[in-house]
Amino acid sequence: MSKRSRDRHLAKLAARRQAEREAARRRRERIVAIVVGLIVLALLVTGGVLFLGSNDEAASPTGASGATGASGVTGATGASGATGASGPSGPTGDAKPGERTGTVAPTPPTATTVACGAEAPPTATEPKPQFAGPPPLKIDENQTYVVTLKTSCGDVVIEMDPKAAPQTVNSFVFLAKRDYFDGQYVHRIATSIDVIQSGDPTGTGTGGPGYTIPDELQGGETYGPGVVAMANTGAPNSGGSQFFIIVGPNGHALDDQASYTVFGSVVEGLDVAKTIFGFAPDSGDGQPTEAVYIDDVTVEAVAS
């Protein structure tokens, strides 16, 4: 082969290799773009915000897992939970309702000081479980379930009503027995509707247990002091684990909406809830100025 022919042959090989490298680069870019798109879509699907009111959790409770404040209560269903409007979400993959599917990491509260001279519980930084669900109905509707929230500022005792809201009470009992609430904190206080809100495993206001539960509205709901209700996304059947407690008369601002399942009432410790409410931010809606943790949650079934 002459030198000229050899040079032409080598030039063709070099050009072909360059073309192959360019084609491989374009394929990699397309794959990256597809993966990024799927991640963004997944975040949009799983990161829906639940609310109690007008702003994320200030004006009208509408969240399965949170409250929004004066105009509503908003919450979210969780990093892996659906926020669908047509009913409770089903189990993910091959998991059966009630089976654990993974965990989500909590976000530290914005306040570095813990309220009432307390300390952050050891469970505050532990990943929180996620579940397929809703869990099977296991509670006895003929019993009363008493929940004790041990908080940084004292105990709040809630009497839950399984006859009025069996699915909601069943889910709360299910989660409490699996230490789901332990180490969570109050992620929202809304002064316009006298609300304190918790139950978000991520602390962001958009977290939940990984599933949604149906609304259990009786009609004519009223949200006076001591009422305990579920937050939601604003859509029907979008509750999860975020709940709110009404500490004062402004909660009645939510009466016209009546879209939050009432599942219990405070029977002891409303003064503790009011103390927590006293750490409301200057804006009137947001995280407390000092962190308030739920150290532990216990549930006791008593004969009605």
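This is a predicted model: local features need pLDDT of at least 70, side-chain atom pairs count only at pLDDT 80 or more; totals for chains, interfaces and linings use all residues.
Which residues of helix α3 are buried?

Helix α3 runs over residues 270-277, and its buried residues are Val272, Ala273, Ile276 and Phe277. Around the helix axis they span an arc of only 150 degrees, which means they sit on the same side of α3.

Next, the disulfide. Searching the whole structure turns up one. The partners are Cys116 and Cys153, with 2.0 Å between their sulfur atoms. This bond joins distant parts of the chain, the two cysteines being 37 residues apart. Cys116 is in the loop between β3 (100-104) and β4 (128-131). Cys153 is in the loop between β5 (143-151) and β6 (154-160). The link is right-handed, with 90 degrees about the S-S bond.

Are the two cysteines buried or exposed? Cys153 has 16% relative accessibility, so it counts as buried, given a limit of under 20%. Cys116, with a relative accessible area of 40%, is partly exposed.

On to the aromatics. The count is nine aromatic pairs. I'll take two of them.

One is Tyr185 with Tyr293. Their ring centres are 6.0 Å apart and the planes stand at 75 degrees, so this pair is edge-to-face. Tyr185 is buried at 5% relative accessibility, and Tyr293 is buried with a relative accessible area of 8%.

The other is Phe244 with Tyr260. How are these two rings arranged? The planes are at 85 degrees and the centres 5.6 Å apart, so this pair is edge-to-face. Phe244 lies in strand β10, residues 243-246, and Tyr260 in the loop between β10 and β11 (262-268), so the contact ties together parts 16 residues apart in sequence. Phe244 and Tyr260 are both buried.

Last, a cluster. Which residues make it up? Phe172, Tyr180, Phe181, Phe243 and Phe263 form one aromatic cluster.

That is what I have; questions are welcome.

Technical notes: Residues are numbered from 1 along each chain as its sequence is written. Side-chain values use heavy atoms; hydrogens and water are left out. A disulfide is a pair of cysteine sulfur atoms within 2.5 Å. Helices (H or I, at least four residues) and strands (E, at least two) are DSSP runs, numbered from the N terminus. Buried means under 20% relative accessible area, exposed over 50%, partly exposed in between (1.4 Å probe, protein chains only). Rings of Phe, Tyr and Trp (its six-membered ring) pair if their centres lie within 6.5 Å; planes under 30 degrees apart count as stacked, over 60 as edge-to-face and the rest as tilted. The arc is that of the directions from the helix axis to the C-beta atoms.
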